[in-house]
Amino acid sequence: QDFKISRFQDFKINAREELSSVVWDITEELSQRFESLGEMTFVNLLNRKATVEPLVDVLMSSPYGHLFEKGRLISDLKFFGASPELGEGPVTILKDLIEHEMDKYELRELTKLVKVILTIPLTSVSCERSFSSLKFIKSRLRTRMLKSRL
């Protein structure tokens with residue numbers, strides 16, 4: 001009887017250790033995966049209450065920084081902050097910029113920023129799905145094709 005209790009306690013201790021190891025690994029993986037999200041804080045530039053200069057610096061140091069003229073972007077954002085006729089949210093802002101014909105000349109840098117924000121994928125699901133499809137096409141179907149079909 002005591003032997004069974006001892007084995008059960010050993011099993012519980014081992015199970016706890018394994019579980020904590022798995023949880024630790026998952027936590028580490030998640031923190032590594034989302035480490036680069038700090039680079040994406042520039043999306044807050046479309047918040048009218050945000051402080052412009054620090055966020056523009058984040059944008060300029062991001063992979064998208066080379067697309068923008070910093071001084072012009074700051075002035076566009078300050079104009080945007082004082083323009084209630086431009087809506088909220090990237091889609092509405094872009095629509096309003098085009099509707100008021102401000103997208104080509106007046107607020108060109110703001111228009112670029114909105115387009116960049118709208119094209120950044122929120123997740124990597126679509127990319128992963130594409131690679132899964134490519135793997136299916138390239139390996140399974142292609143290995144079964146005869147020369148006559150190619």
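A salt bridge, as the term is used here, is a side-chain nitrogen of Lys or Arg within 4 Å of a carboxyl oxygen of Asp or Glu.

The protein is built from six helices and has zero strands, so its pattern along the sequence reads simply α-α-α-α-α-α. Of its 150 residues, 22% count as buried. Among contacts with a separation of 6 or more, 54% are between residues 24 or more positions apart. As for confidence, the mean pLDDT comes to 76, with 70% of the residues reaching 70 or more. Helix H3 has the highest mean pLDDT among the elements, at 89, while helix H6 (residues 125–144) has the lowest, at 63. Where pLDDT is low, the predicted coordinates should not be read in detail.

Now for the charges. Side chains of opposite charge can pair when their charged atoms come close. Searching the whole structure turns up four salt bridges, and three of them are described here, starting with Lys78 and Glu53, whose closest N and O atoms are 3.2 Å apart. Lys78 sits in helix H3 (residues 70–81) and Glu53 in helix H2 (residues 52–61), so this pair ties together parts that are 25 residues apart in sequence. Lys78 counts as partly exposed, at 47% relative accessibility, and Glu53 is partly exposed too, with a relative accessible area of 35%.

Another salt bridge links Arg108 with Glu69, with 3.9 Å between the closest N and O atoms. Arg108 belongs to helix H5 (residues 108–119), whereas Glu69 is in the loop between H2 and H3, so parts that are 39 residues apart in sequence are tied together by this pair. Here, too, Arg108 is partly exposed, with a relative accessible area of 32%, and Glu69 is partly exposed at 43% relative accessibility.

The side chains of Lys112 and Glu109 meet in a salt bridge, with 3.0 Å from N to O. Both residues lie in helix H5, three residues apart, or about one turn of the helix. Lys112 is partly exposed, with a relative accessible area of 30%, but Glu109 is buried, with a relative accessible area of 0%.

Asp76, in helix H3, is buried yet has no salt bridge, and the nearest side chain of opposite charge, that of Arg72, is 4.5 Å away. What the side chain of Asp76 does reach is the backbone nitrogen of Leu110, at 3.2 Å. Leaving aside residues up to four places away in sequence, Asp76 touches Glu106, Leu107, Arg108, Glu109 and Leu110. Two of these names have already come up: Arg108 as the partner of Glu69, and Glu109 as the partner of Lys112.

Technical notes:
Residues numbered from 1 in each chain as written. Predicted model: local features only at pLDDT ≥ 70, side-chain atom pairs only at ≥ 80, totals over all residues. Heavy atoms only, no water. Helix = DSSP H or I, 4+ residues; strand = E, 2+ residues; numbered from the N terminus. Buried < 20%, exposed > 50% of the residue type's maximum accessible area, 1.4 Å probe, protein only. Lys, Arg positive; Asp, Glu negative; His and termini not counted. Polar contact = N/O pair within 3.5 Å; in protein donor to acceptor, adjacent residues only side chain to side chain. Contact = heavy atoms within 4.5 Å. pLDDT = per-residue confidence, 0-100.
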